[in-house]
Amino acid sequence: MTVTANTGAGAANNQGQLRETITITTPADPQTRARATVTIPASVVIEDARGRALRGDLDVTVAYYSPQSSEAMALFPGGFDDLPVTRADGSTARGGTMQTVGFVSIDIFDEAGRRAEQCSAPLDVTMDVPADVINPNTGAPGAPGDVIPVWTYDEITGRWAEESSFVAAEGG
């Protein structure tokens with residue numbers, strides 16, 4: 001696991017709107033050299049769970065968890081089996097096994113200690129996928145062009161939600 005914490009990473013106005021773009025990249029994982037980058041675009045409105053705007057200086061912590069680190073995988077939210085999930089089509093299910101190519105945790109707090117729970121627009125998250133990670137759909141090492149689903153975890157409900165997918169690019 002690699003972590004970058006940026007105190008005073010950026011600031012939000014009284015309406016919760018980010019004043020400038022924030023980009024944070026974690027250090028490379030010592031074993032795989034993989035890392036993650038999070039970009040929060042300027043003008044995004046950031047709110048806490050009650051819909052209140054985060055204001056003032058923001059502290060942002062980004063953590064990258066390598067799928068090849070047993071310590072990182074022990075921290076996988078909700079465990080790997082019998083998980084409650086919401087699919088991209090809105091259907092819900094329980095059961096099955098989650099497999100990961102790695103994951104990223106993002107925590108944002110304002111100067112009053114309020115924690116971000118929602119943003120008015122998506123954040124841009126990129127993550128290197130270690131070269132020898134196995135694609136569970138093909139049983140072969142991951143390759144450029146593989147389609148990988150993107151999930152988010154709700155710490156309050158303990159439910160994973162399928163958000164979208166991405167196509168793996170050359171070089172991680």
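**Cores, loops and surface: a tutorial**

Tutor: Let us start inside this predicted model. The largest nonpolar core has 14 residues, and among them I40, I46, L58 and I108 touch the most other members.

Student: Which strands supply at least two residues each to this core?

Tutor: They are β2 (22-25), β3 (36-40) and β5 (56-65). The largest share, 3 residues, comes from β5.

Student: What makes a set of residues a nonpolar core?

Tutor: The members must be buried residues of the nonpolar kinds, joined through side-chain atoms within 4.5 Å. Buried here means under 20% relative accessible area.

Student: Which residues does I40 touch, not counting those up to four places away in sequence?

Tutor: I40 touches L18, E20, T21, I22, I46, I108 and L123. There is also a second, separate core of 11 residues, which includes M73, L83, M98 and F103.

Student: Why is R33 called exposed?

Tutor: Exposed requires over 50%. R33 reaches 57% relative accessibility, so R33 counts as exposed. Its place is in the loop between β2 and β3.

Student: What is the phi of R33?

Tutor: Phi of R33 is near 70°, a positive value in a residue other than glycine. D82 also has a positive phi, near 50°, and is not a glycine either.

Student: Where is D82, and how do you know whether D82 is buried, exposed or partly exposed?

Tutor: D82 sits in the loop between α1 (70-73) and β6 (84-86). Its relative accessible area is 43%, which falls between the two limits, so D82 is partly exposed.

Student: How do you know whether the radius of gyration agrees with a compact globule?

Tutor: For 172 residues, a compact globule would have a radius of gyration near 16 Å; the protein has 17 Å, so the value agrees. Along its principal axes, the C-alpha trace spans about 50 × 35 × 30 Å.

Student: How many helices and strands are there, and in what pattern?

Tutor: The protein has 1 helix and 12 strands. Along the sequence they follow β-β-β-β-β-α-β-β-β-β-β-β-β.

Student: What share of the contacts with a separation of 6 or more comes from residues 24 or more positions apart?

Tutor: That share is 63%. A contact here needs heavy atoms within 4.5 Å.

Student: What share of the residues counts as buried, and what is the accessible surface?

Tutor: Of the 172 residues, 35% count as buried. The accessible surface comes to about 9600 Å², and 48% of that area belongs to carbon and sulfur atoms.

How values were computed:
Residues are numbered from 1 along each chain as its sequence is written. This is a predicted model: local features need pLDDT of at least 70, side-chain atom pairs count only at pLDDT 80 or more; totals for chains, interfaces and linings use all residues. Side-chain values use heavy atoms; hydrogens and water are left out. Buried means under 20% relative accessible area, exposed over 50%, partly exposed in between (1.4 Å probe, protein chains only). Helices (H or I, at least four residues) and strands (E, at least two) are DSSP runs, numbered from the N terminus. The radius of gyration is taken over C-alpha atoms; the globule rule is 2.2 Å times the number of residues to the power 0.38. Accessible areas come from the Shrake-Rupley method with a 1.4 Å probe; for residues, only the protein chains shown count as cover.
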